[in-house]
Amino acid sequence: MKQIAAALLCLAASVILAVTLSGRTQAPLLPPPAQLSDEPVPPPTADGAQTVTLLTEEGVIELALNEYLEGVVAAEMPASFAPEALKAQAVAARTYTLWKAASGTARHPRAQLCTDPGCCQAYRTPEASADLWGDMAGEYGAKIAAAVAETDGLVLRYDGRLAQAVFHSSSAGYTQSAVAVWGTDVPYLRSVTSSEDALTVPNYYTEVTFSAEELRGILTAAWPAVKLTGEPEEWFTDLTRSAGGSVASVTVGGVAVTGAQLRSVLGLRSASFTVETAPDAVTFHVTGYGHGVGMSQYGADLLARSGMDFRQILCWYYTGVTVEG
Ligand SMILES: [Zn+2]
């Protein structure tokens, strides 16, 4: 039965709620908002009454929306997370799914979505999850099914339209605004605090070292106009940071690039990094994982463990949205 939820003004909830954060994911990246504008708005419908077509490695399959969402939540968030965090993930995934299903994509015209997290969302079959979870399969499967069922039909809207419910694994103290990362201002994708840290997130801090020669090859292949002469300490200049602390822009060998672009080219886990140079090497010290926009999954788990419910968690990360059927 479809849930009809009273719309909740999230900005108010975010301001009112003081939380103590302490907490933990590995999230794939979602495509940038260039593919995620506000159109269109399908009518609210219970999950079980809707189907999605999904491109898998075995071909295109059709499955009920609730079954699909269970596979998405299982793949996108650790099942050990708090129930309210899993519900927040279910609503974010449902919102994204309905937008994507209604919009279509030229990348797979015969299916509304695919299982590539770089294109759509990750998805894992019940059988694969059971194999992964082992002895915990019964408990975890029930938790995720409950997260989807107890949010049946609920989505995030802003001004009545489906929100761009992007999410990421972990942030470096603050989430990033959409405009800082993708150059597109989205009113509800603002930078907000997110208190996960190295105590609660595996591999929160990572570092990647390149030899000067290796790095020169990678950067000149990506940007042929880059001129990398002299020692590495001269290669990176004019580094600026967003309000959320990620690298906003940096000049690499005379070519201005964004932190997100450099992150992508170098395969860094996030754009929250510092650069340490040596005469023959460069080390990038990286914090968090993902693009940093929207809901932090580890942050969501902390908020849930501090007592927030899924609506409050969603309102924390998506400024001013409503949670409704
Ligand atoms: Zn896709």
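The legends below walk through several close-up views of this predicted model.

**Figure 1. The whole chain in outline.** Residues are numbered from 1 along each chain as its sequence is written. Because the model is predicted, local features need pLDDT of at least 70 and side-chain atom pairs count only at pLDDT 80 or more, while totals for chains, interfaces and linings use all residues. The chain's secondary structure comes to 10 helices and 14 strands; helices (H or I, at least four residues) and strands (E, at least two) are DSSP runs, numbered from the N terminus. Of its 325 residues, 46% count as buried. Here a residue is buried if 20 or more other C-beta atoms lie within 10 Å of its own, exposed if 12 or fewer, and partly exposed in between, with C-beta atoms placed from the backbone. The average pLDDT (the predictor's confidence in each residue, from 0 to 100) is 88, and 86% of the residues score at least 70.

Figure 2. Three strands form an open sheet in the order E2-E1-E3, with mixed pairing; two strands pair if DSSP finds at least two bridges between them. Its edge strands are E2 (59–64) and E3 (113–114), each pairing on one side only. Strand E1 (residues 51–56) runs parallel to E3, joined to it by 2 bridges, and Leu-54 has Leu-113 of E3 as its bridge partner. Helix H2 (residues 65–76) lies across E1 and E2, running at about 110 degrees to E2. For such angles, axes are lines fitted to C-alpha atoms, for helices over the stretch in contact, and angles run from 0 to 180 degrees between N-to-C directions. H2 is mostly covered, with 11 of its 12 residues buried, among them Tyr-68, Leu-69, Val-72 and Val-73. The buried residues pack against E1, E2, helix H3 (83–103), helix H4 (126–133) and helix H5 (137–149), where two residues are in contact if their C-beta atoms, placed from the backbone, lie within 7 Å. From first C-alpha to last, H2 reaches 16 Å, close to the 16 Å expected at 1.5 Å a residue; the expected span is 1.5 Å times one less than the number of residues.

Figure 3. Strand E4 (residues 155–158) is linked to E5 by 2 bridges in the antiparallel sense, with Arg-157 standing opposite Leu-162.

**Figure 4. The last residue of the chain's final segment shown here, Gly-325.** Gly-325 is found in the segment after strand E14 (322–324). With 17 other C-beta atoms within 10 Å, Gly-325 is partly exposed. Look across to Thr-45: the two C-alpha atoms are separated by 7.5 Å, although the residues are 280 apart along the chain.

Figure 5. Strand E8 (residues 236–241) and E9 run antiparallel, joined by 4 bridges, and Thr-237 stands opposite Thr-251 in E9. Their hairpin has 5 residues between the strands, and Gly-245 takes a positive phi near 95 degrees there. E9 and E10 also pair in the antiparallel sense over 4 bridges, with Ser-249 opposite Thr-258 in E10. In this hairpin, which has 2 residues between the strands, Gly-253 has a positive phi near 55 degrees. Asp-238 has a positive phi of about 55 degrees although it is not a glycine; Asp-238 lies in E8 and is exposed, with 9 other C-beta atoms within 10 Å.

**Figure 6. Helix H8 and its buried face.** The buried residues of H8 (residues 259–266) are Gly-259, Ala-260, Leu-262 and Arg-263. Seen down the helix axis, these fall within an arc of 165 degrees, so they line one face of H8; the arc is that of the directions from the axis to the C-beta atoms. They pack against helix H6 (178–182), strand E9 (247–252) and strand E10 (255–258). Gly-267 follows H8, with a positive phi near 70 degrees.
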